[in-house]
Amino acid sequence: MDTSWEGKISSVKKHSAAQAAGILPGESLCAINRMPLRDILDVSFAAADTELELTIRGTDGKVRCLQIQKEIDEELGLSFESAVFDKVRLCHNHCVFCFVDRMIPGLRRGLYVRDDDYRLSFLYGNFVTLTNLTEEDFSRIIQNHMSPLYVSVHATDPGVRRAMMKNSRSGDIMEKLQRLFDAGIHIHAQIVCCPGWNDGAVLEKSYRDLVALSDYVEDMAIVPVGITKNKEGLPDLRLFSPEEAAGIVETATGWQQECRRRLGRSFVYLGDEFYVLAGVEMPPADWYDGFPQLENGIGLTRNFLTEWKTAARRHSAGIQPEHTDYVIPVGISAGKLLRPVMEQFNRCYHTKNQFVPITNNFFGHTINVTGLLAGSDILAQLPGNRPVILPAVVLNQDNLFLDDMSLQEFVNQSGRNVKIAKGAAELYHLLLSQPLPRNGTEARNSVPEKTLPPAGNNTEYVPQFSGTAE
């Protein structure tokens, strides 16, 4: 039996079948019923039986077989260090806009991994290009109904897509999508929009092609290209001008109005940066239809503001916070948008809290989002000796900033009281020195359920231009 694929076990659930069988964290699962396992999807399907034979490799390297009996709907109780046991599929494209290629050299290895794995797309919403799918992959996706997938389309025009991705086999995206649609697989589509490449008429074609398949294309996100200061040996790209961003907002708003009348949902969603650059008000929350691509930066600001208002309604102005002068580092874009809500909070509670816009010297001044702030930049630009609340998005699961500074190093070097907030509601609670909600749901970037407005909803949203962002 081939046990070259092994899933290293990170934890064993208490009172589970796996714990009863004596399985321990640090051991590896090699097979179930003598079938090798490629990933946690294989584990899920194989573990559905009531009688199982698990092949386990102990921390001493010895292999043993365990017999387990469980109920049909009972979980096995194992968690793994990685969802994929047979190595993550890597990207073989050379996209002109690839952010990984523009990453600052010399950082931790994981920041340079360009994954393009359909399993991570299905499990975690990672975007894939579909350029490396084999016949076996297609069969597995269809047979196991792995839906929805998150797909980087970029352009439906074959020639443009080939040119942007520098892959002669990348032009057949519509044929591959149709094959998935014929099997009932749905997708969330993404377009990284680059001036002079896939905007204008090319973007119009991509929209028309995808909206025509809206029974299977759940939505189409358009995000602007991000360019770091690392440009050596890379294609010469530029950012959108405020005027160009305003044009895209105007065009996309027209598409949204059209889709809300026809489909009952906006379908097209723009990255927040377009609105900020254009100096245009973002759509109301209901135009995001439950924020289906929040992790892609679509509607983050509107979701934050909505969550903040909800938290504000639940608290009394009579509370006197323990601290009155927190500083919260944010990207330049967020700093402009969030300043008014903090000013209102301070007036209400007689506090002196402050969102501090941090200039991104590490990646370059063209990068202005909070999630790409480095610890060194935050540390250097925080005012005074005031307590800090860090947005959770600046840290990874190992509490590392993007420049490899650890949270502990940040605390030691700053000499400050440092807290972490996951979303607007948790930030609001921390500012008031209040305990977090027991169920924790309010403090974890709470997003409304993905409910759509009634079919035929023709509510019109027209953005109000207020000049251009600086």
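This is a predicted model: local features need pLDDT of at least 70, side-chain atom pairs count only at pLDDT 80 or more; totals for chains, interfaces and linings use all residues.

Colleague: Where does His-92 lie?

Modeller: His-92 sits in the loop between β6 (78–80) and α3 (118–124). Its C-alpha atom is 9.5 Å from that of Lys-166, although the two are 74 residues apart along the chain.

Colleague: Now the strands. How do strands of a sheet pair?

Modeller: Through backbone hydrogen bonds, either parallel or antiparallel. Here you have an open sheet of four strands with parallel pairing, in the order β7-β8-β9-β10.

Colleague: Which strands stand at the edges?

Modeller: β7 (149–152) and β10 (268–270) do. Each has a single partner strand, so one side of each is left without a neighbour in the sheet. On average, neighbouring strands of this sheet are turned by 20° against each other, direction ignored.

Colleague: How many bridges pair β8 and β9?

Modeller: Seven bridges, in the parallel sense, join β8 (residues 187–193) to β9 (residues 217–224). To find one by eye, pick Ile-191: its bridge partner in β9 is Ile-222.

Colleague: And the helices? Which strands does α6 lie across?

Modeller: Helix α6 (residues 173–182) lies across β7, β8 and β9, and runs at about 170° to β7. Then look at helix α7 (residues 200–211), which lies across β8, β9 and β10 and runs at about 165° to β9.

Terms used: Residues are numbered from 1 along each chain as its sequence is written. Side-chain values use heavy atoms; hydrogens and water are left out. Two strands pair if DSSP finds at least two bridges between them. Helices (H or I, at least four residues) and strands (E, at least two) are DSSP runs, numbered from the N terminus. Axes are lines fitted to C-alpha atoms, for helices over the stretch in contact, and angles run from 0 to 180 degrees between N-to-C directions. Contact means heavy atoms within 4.5 Å.
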